Amino acid sequence: SDMDNAGTDANVHLMIFGDKGDTGKLMMDTSTDNFQRASKDTFSKTGAKNVGKISHIVVGHDEANLGPSWHVQQITVFNLATGETVTFNADCWIAKDKAPHYSSEITLSPVGADPIKQCQYQVTVRTSDVRWAGTDATVSCRIVGDKGKTGMKELENGSFDRNSEDVFTFRSIDVGTITGFEIGHGGGGVGSDWHLSNVKVANIDRPEANPVFFFHDDWCKEDVYVNLKPETSGGATCRYNIAVHTSDKRFAGTDSTVTCRLIGEKGESKMLTLENSANNFERARIDEFVVKTENIGKLKGLDIGIDGKGMGASWHLNMV
C-alpha cells in the first residue's frame, strides 16, 4: 500500500488453495528489496503444485526484523497451468499488533466471492513420558475436515518437553467436521526426534462440538509428517483421556496412589492406576492421563480413590 510504514522486512509467505489441494508454504523473496511502500513485487513459483481452480489464499510473515508490520493492498495469482488469474483485495495490516486481524497471517477470498468461513481452533499437544521424548525443533500441524483443510501452521512458543502439554490457539478456515490431523517437525538442533503422545483439537466457536482426540504414541522423525485419524469408540478397546483437578485448598494434595474405575453402558473397566513421571495431585493442579482399556460404551460414572499411603495421604478432589 501507499501509506506510512506500509512496507516490511519480514519474511513473507503465501499458500494457495484450490479444488486439487494446496501449494504448501511458498516463500516470497527475490534478490531485490521486496515489499516496500507503494511497490509491486512479482514472483514465479514454477515448481509449485497445480491446485486447480483457486478458492482462497493464506498470506503472512514471520514478524522478523525491524518493523515487520505490513499493509497489503492487493494480491494477484496467475496459474501458469490453467491460465486462471485471480485477484484478492486485502487493504489491511498483517501484524500481530494491528487491527483489524491482530495476526501475522490472514485468509483472503477472490474478488466477488463470499468470504471464507473461519473459526478459532485450540490444539493441545501432549509429549510422551518416555526418555528423550522432547524436542527443540519447530513443530507444525494441519487440521483436516470434510470441508477442506487448514494451511500448515507452525506451533510457536511450545516447550514440547517430556510429559508436557502445550496449548495453541489460532484462527483458520472452518474445515467442518474434523476427520484428520497432520503433524511433524523440520528437525534442527541436538536430539530433534520427538515422541508424540496425543493431540486434542477443539473448535472454540462451536462449543457444542466435542473435542477430537488423535493418538500417536510413537516417534516423529525429522521432515516426516504423520497423518492421524480420530480416536473412535467402535473397537473392542479404546483410549480415554482423564483430567483430574485437585482442589485449591490448603493441604489438598496427596502422595497416595490414585486409582479409578470407569463405568459405562456396556460395563466397567478394570481398576486403573493414574500415574506418570510428574509430581501428580498437588494443590490446584490438573493432571491428565491417557488410559487404554476395554470399550465400555458411553460413560455413566466413575469410581476414584486413594490407597491412603505416604505422608499427607488425605486428598481434596475438585473434579474429574
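How many bridges join strand β8 to strand β14? The views below come from a predicted model, in which local features need pLDDT of at least 70 and side-chain atom pairs count only at pLDDT 80 or more, while totals for chains, interfaces and linings use all residues. Residues are numbered from 1 along each chain as its sequence is written, and side-chain values use heavy atoms, with hydrogens and water left out.

View A. Seven bridges join β8 (residues 118–127) to β14 (residues 194–203), and the two strands run antiparallel; strands are DSSP runs of E with at least two residues, numbered from the N terminus, and two strands pair if DSSP finds at least two bridges between them. Within this pair, V123 has V201 of β14 as its bridge partner. The open sheet holds four strands in the order β12-β8-β14-β15, with antiparallel pairing. Because β12 (165–173) and β15 (212–220) each have a single partner strand, one side of each is left without a neighbour in the sheet.

View B. The whole structure contains zero disulfides, a disulfide being a pair of cysteine sulfur atoms within 2.5 Å. For C119, the nearest cysteine sulfur is that of C141, 13 Å away. The sulfur of C220 lies 12 Å from its closest cysteine sulfur, also in C141, which is too far for a bond.

**View C. Surroundings of I304.** I304 belongs to strand β22 (residues 299–306). Leaving aside neighbours within four places in sequence, I304 is in contact (heavy atoms within 4.5 Å) with several residues, including V258, L274 and W315.
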